[in-house]
Amino acid sequence: MSAPRTLYDKIWDDHVVDRQDDGTCLLYIDRHLVHEVTSPQAFEGLRMTGRKVRAPQKTLAVVDHNVPTSPDRHLGIKNEESRIQVEALANNAAEFGVEYYSASDKRQGIVHIVGPEQGFTLPGMTIVCGDSHTSTHGAFGALAHGIGTSEVEHVLATQTLIQKKAKNMLVRVDGVLPDHVTAKDIILAIIGEIGTAGGTGHVIEFAGEAIRALSMEGRMTICNMTIEGGARAGLIAPDEKTFEYIKGKPRAPKGEALEQAIAYWKTLHTDEGAHYDRVVVLDAAKLPPIVSWGSSPEDVISVQGVVPNPDDIQDENKRTSKWRALEYMGLTPGTKITDIAVDRVFIGSCTNGRIEDLREVAKVVEGKTVASTVSAMIVPGSGLVKEQAEAEGLDKIFKAAGFDWREPGCSMCLAMNDDRLKPGERCASTSNRNFEGRQGFKGRTHLVSPAMAAAAAVAGHFVDIRDWQ
Ligand SMILES: CC(C)[C@H](C(=O)O)[C@@H](O)C(=O)O
Ligand code: SF4
């Protein structure tokens with residue numbers, strides 16, 4: 001009998017092409033997602049050395065970060081830098097024979113929403129992209145992580161990546177989530193608990209009753225923010241929900257091939273007795289809806305809490321940095337979270353821009369109106385999410401309530417396109433990052449779940465979604 005292995009060990013072992021004495025390995029890469037921001041120099045590198053893309057059929061390119069989300073986006077991109085990046089991807093994809101979804105293709109969207117939606121993301125695979133939130137795909141039991149531009153070039157040219165194995169970490173979330181508390185609250189609570197460096201050097205496997213109970217969308221939200229917890233990859237063992245989600249997706253195996261694939265996917269779980277280098281346990285039943293108050297995703301508190309006082313922190317550097325965060329955020333210790341008013345609401349991103357998120361929002365805002373002091377936008381994560389939402393009539397609910405209903409893209413998750421905060425504006429956002437300037441120069445970001453963002457849009461300030469009528 002071989003030694004018991006974790007899910008990470010198994011996927012790793014299945015992809016090692018070569019191993020050096022110092023532990024450096026060459027890993028085979030099954031899927032490569034490409035977007036316009038981190039790929040131009042990589043393609044340029046291939047061109048300069050006369051190399052081809054080794055496996056174009058395992059590569060998929062899509063524009064997301066720079067695309068406008070306004071209805072008139074077919075008129076083109078005004079910002080020159082953004083326009084050049086988008087044009088470069090279109091040209092590179094054509095020149096190197098890579099499938100490409102342009103802004104006018106209804107399959108276009110945020111790369112981490114598009115991969116699963118197309119059945120390009122499958123269990124047991126190694127998946128990379130020049131983007132830190134590639135961790136999202138770990139929700140399928142795939143080993144997925146972000147890579148830098150020189151690695152993008154390496155993968156394009158060789159379909160392999162040089163890697164050293166990380167340590168195994170388990171985050172087990174036991175129990176049953178209370179009503180209105182979501183996957184987003186779980187992952188914010190985990191990051192609050194372990195800190196933004198908590199997962200450094202590890203691959204995190206998420207397990208436990210509360211994780212199993214999540215939909216695929218919820219699992220993607222969890223794995224998406226693994227990177228904010230310091231680990232490059234997060235994993236959830238595939239199960240019947242995973243197989244159901246995959247069935248019928250355009251690029252997924254079909255018929256006999258699917259049956260065979262499922263038989264293999266069923267082996268992708270951690271063996272009894274396998275070793276984890278670190279274990280963290282949380283009780284889902286105790287989790288409240290969570291709001292971030294500072295400029296790091298670890299700065300989180302219950303919606304029923306108050307803005308914390310940094311003077312309570314022992315460590316001087318940390319104390320200073322949290323004071324700075326409060327100053328940036330324009331907040332005073334002791335302020336009730338529910339007394340914080342917002343100017344903007346952003347619902348979207350690869351964390352919470354999927355159909356299930358939009359359904360949650362619709363439930364909260366149906367028949368209600370966005371507060372007169374708030375400007376709120378909803379940005380579907382992909383053209384297919386948009387189409388599905390419209391087929392269900394969700395867009396009508398959003399528009400009737402006064403939300404701006406947009407075209408798919410990264411949008412106000414990061415200030416790389418026209419959607420951004422003005423200096424001093426405060427935003428309830430369903431995205432994943434809240435560092436200074438993330439959503440626009442001097443913009444103030446509070447990370448929350450879709451339902452919490454929706455309720456804040458209507459109330460004009462944070463409210464406890466558990467009390468929502
Ligand atoms: C632009 C890109 C490289 C970046 C990332 O790697 O994550 C972006 O997607 C982000 O979320 O900050
Ligand atoms: S939606 Fe945000 S986090 Fe996701 S890939 Fe785009 S910029 Fe990065």
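Which order do the strands take in the open sheet of five strands? The order is E17-E16-E15-E18-E19, and the pairing is parallel. Strands here are DSSP runs of E with at least two residues, helices are runs of H or I with at least four, and both are numbered from the N terminus. Two strands pair if DSSP finds at least two bridges between them.

Some ground rules. This is a predicted model, where local features need pLDDT of at least 70, side-chain atom pairs count only at pLDDT 80 or more, and totals for chains, interfaces and linings use all residues. Residues are numbered from 1 along each chain as its sequence is written, with chains lettered from A and ligands numbered from 1 in the order in which they are written.

E17 pairs with strand E16 (residues 375-378), parallel, over two bridges. Asp404 in E17 stands opposite Met377.

Now the other sheet. It is open, has three strands, and runs E1-E2-E8 with antiparallel pairing. Strand E1 (16-19) and strand E8 (160-164) are the edge strands, each pairing on one side only. From one strand to the next, the twist averages 25°; axes are lines fitted to C-alpha atoms, for helices over the stretch in contact, and angles run from 0 to 180 degrees between N-to-C directions.

E1 and E2 form a hairpin, with four residues between them. In the turn, Gly23 has a positive phi of about 95°. Three bridges join E1 to strand E2 (residues 24-28). Arg19 has Cys25 in E2 as its bridge partner, and Asp18 has Leu26. On to E8: five bridges link E2 and E8, and Leu26 stands opposite Ile162 in E8.

Next, domains. The assignment, automatic or from a database, gives domain 1 (7-165 + 239-260), domain 2 (167-236 + 270-286) and domain 3 (290-467). Over C-alpha atoms, the centres of domain 2 and domain 3 are 22 Å apart. Between these two, 18 residues of domain 2 are in contact with 18 residues of domain 3. Contact means C-beta atoms, placed from the backbone, within 7 Å.

What gives the most to the side of domain 2 that touches domain 3? Helix H6 (183-194) does, with six residues. Helix H8 (216-224) also gives two or more. By class, that side has five nonpolar, eight polar and five charged residues. Ala, Val, Leu, Ile, Met, Phe, Trp, Tyr, Cys and Pro count as nonpolar, Asp, Glu, Lys and Arg as charged, and the others, Gly among them, as polar.

Finally, the ligands. A residue is near a molecule if its C-beta atom, placed from the backbone, lies within 6 Å of it. Around ligand 1 we find Val37, Thr38, His65, Asp131, Ser132, His133, Gly146 and Leu414. That shell has two nonpolar, five polar and one charged residues.

Ligand 2 has 13 residues around it, the closest being Ser349, Cys350, Cys410, Cys413 and Leu414. Five are nonpolar, six polar and two charged. Where does ligand 2 lie? Domain 1 and domain 3 both give residues to its shell, so ligand 2 lies between them.

An unreviewed UniProt entry places a "binding site" at Cys350, Cys410 and Cys413. Its positions follow the numbering used here, feature names are shortened, and annotations may be inferred rather than shown by experiment. The three spread over 64 residues of sequence but cluster in space, with a largest C-alpha distance of 8.8 Å. Cys350 lies in helix H12 (residues 349-352).
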